[in-house]
Structure formats: structure tokens, C-alpha cells
Amino acid sequence: MSSKLQFGFKKKLGCNTATYALHSVVDYYTSRGSMVNLCTLDVSKAFDKVNHHCSYLKLMKRKVPKCFFNLLINWYSKGVAFVHWNDVVLRMICTTCGVRQGGMLSPVFFATYVDDTTTLVTL
């Protein structure tokens with residue numbers, strides 16, 4: 001389970017919910033005379049940057065069942081990418097980061113990875 005402040009990759013939540021929450025917080029503070037400073041983070045390439053080992057540690061902290069944990073390690077430890085150029089395969093590279101685009105578990109895996117970000121922001 002991720003933070004209730006995280007709106008991505010959850011049923012019936014998304015950008016509209018995040019935008020509404022942001023507007024509500026800004027309206028609350030500005031209506032009481034406070035100044036509000038905002039910082040945004042572009043995570044458009046974040047799926048490609050997820051560190052597998054860091055994700056495993058986060059899952060261990062959440063006490064994910066061992067069988068599921070082992071399945072993920074097995075699944076992600078076998079990831080490879082092929083470098084193609086002019087229809088020629090130049091080499092194969094083992095992938096050590098990123099979640100699988102379009103994978104059913106990828107949004108959950110990613111949400112777990114970035115969940116600490118919302119915690120940091122609220123401090």
C-alpha cells in the first residue's frame with residue numbers, strides 16, 4: 001500500500017485528483033494570507049530509472065511475501081536489451097534498472113519505488 005498522497009497508478013485517481021488536491025491546499029493557505037511556494041518534478045522517464053536493488057529493499061521493508069519477492073527478483077534479474085543499428089544486432093546488455101513498459105505489475109512496482117518521495121515532500 002502506498003501513501004494516500006500518491007495519486008498515480010491507482011484506480012479512480014490520477015492527474016485530476018492530484019490537481020484538485022494541489023488547488024485545495026494552495027487555496028487554503030492563500031485565503032489565510034500565506035505565501036505558497038511550489039516545486040514540481042518531471043518523472044516522464046522515471047520508469048526507465050527504477051533501481052532494482054533499491055526496489056527490492058523497499059519491498060523487504062514492506063514485508064512482501066517471500067514467494068512474491070523471489071518471483072520479482074527472478075523476473076527482473078533476467079532482463080536484457082539488444083542494441084540494434086542498421087538491422088544489425090551489435091550486442092546484448094543486461095538491464096539493472098527500469099520497470100517493464102506495459103507490465104501489469106510495473107505500476108505497482110514503480111509506485112512502491114517512488115512512495116518515499118511523497119513522504120519527503122510532506123515533512
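Modeller: Happy to; here is a look at helices α2 and α3 and their surroundings.

A word on the ground rules: this is a predicted model, where local features need pLDDT of at least 70, side-chain atom pairs count only at pLDDT 80 or more, and totals for chains, interfaces and linings use all residues. Residues are numbered from 1 along each chain as its sequence is written, and side-chain values use heavy atoms, with hydrogens and water left out.

The chain holds four helices and two strands, where helices (H or I, at least four residues) and strands (E, at least two) are DSSP runs numbered from the N terminus. Read from the N terminus, the order is α-α-α-β-β-α.

Two packed helices are described by the angle between their axes and the distance between the axes. For α2 (residues 52-61) and α3 (residues 66-77), the axes come within 11 Å and cross at roughly 175 degrees. Axes here are lines fitted to C-alpha atoms, for helices over the stretch in contact, with angles from 0 to 180 degrees between N-to-C directions. The crossing makes α2 roughly antiparallel to α3; under 35 degrees would be roughly parallel, over 145 is roughly antiparallel, 65 to 115 roughly perpendicular, and the rest oblique.

On the α2 side, His 52, Tyr 56, Leu 59 and Met 60 meet Phe 69, Leu 72, Ile 73, Tyr 76 and Ser 77 of α3, contact meaning heavy atoms within 4.5 Å. These residues divide into seven nonpolar, two polar and no charged; Ala, Val, Leu, Ile, Met, Phe, Trp, Tyr, Cys and Pro count as nonpolar, Asp, Glu, Lys and Arg as charged, and the others, Gly among them, as polar.

Tyr 56, Leu 59, Phe 69, Leu 72 and Tyr 76 are also among the twelve residues of the largest nonpolar core. Such a core is a set of buried Ala, Val, Leu, Ile, Met, Phe, Trp, Tyr and Cys residues joined through side-chain atoms within 4.5 Å. Helices α2, α3 and α4 (106-121) each supply at least two of its residues.

Beyond its neighbours within four places in sequence, Tyr 76 touches residues including His 52, Tyr 56, Val 99 and Phe 109.

Lys 58 also sits in α2. Lys 58 is buried, at 15% relative accessible area, while Cys 54 is partly exposed at 28% (buried means under 20%, exposed over 50%, partly exposed in between; 1.4 Å probe, protein chains only). Setting aside neighbours within four places in sequence, Lys 58 contacts Thr 112, Tyr 113 and Asp 116.
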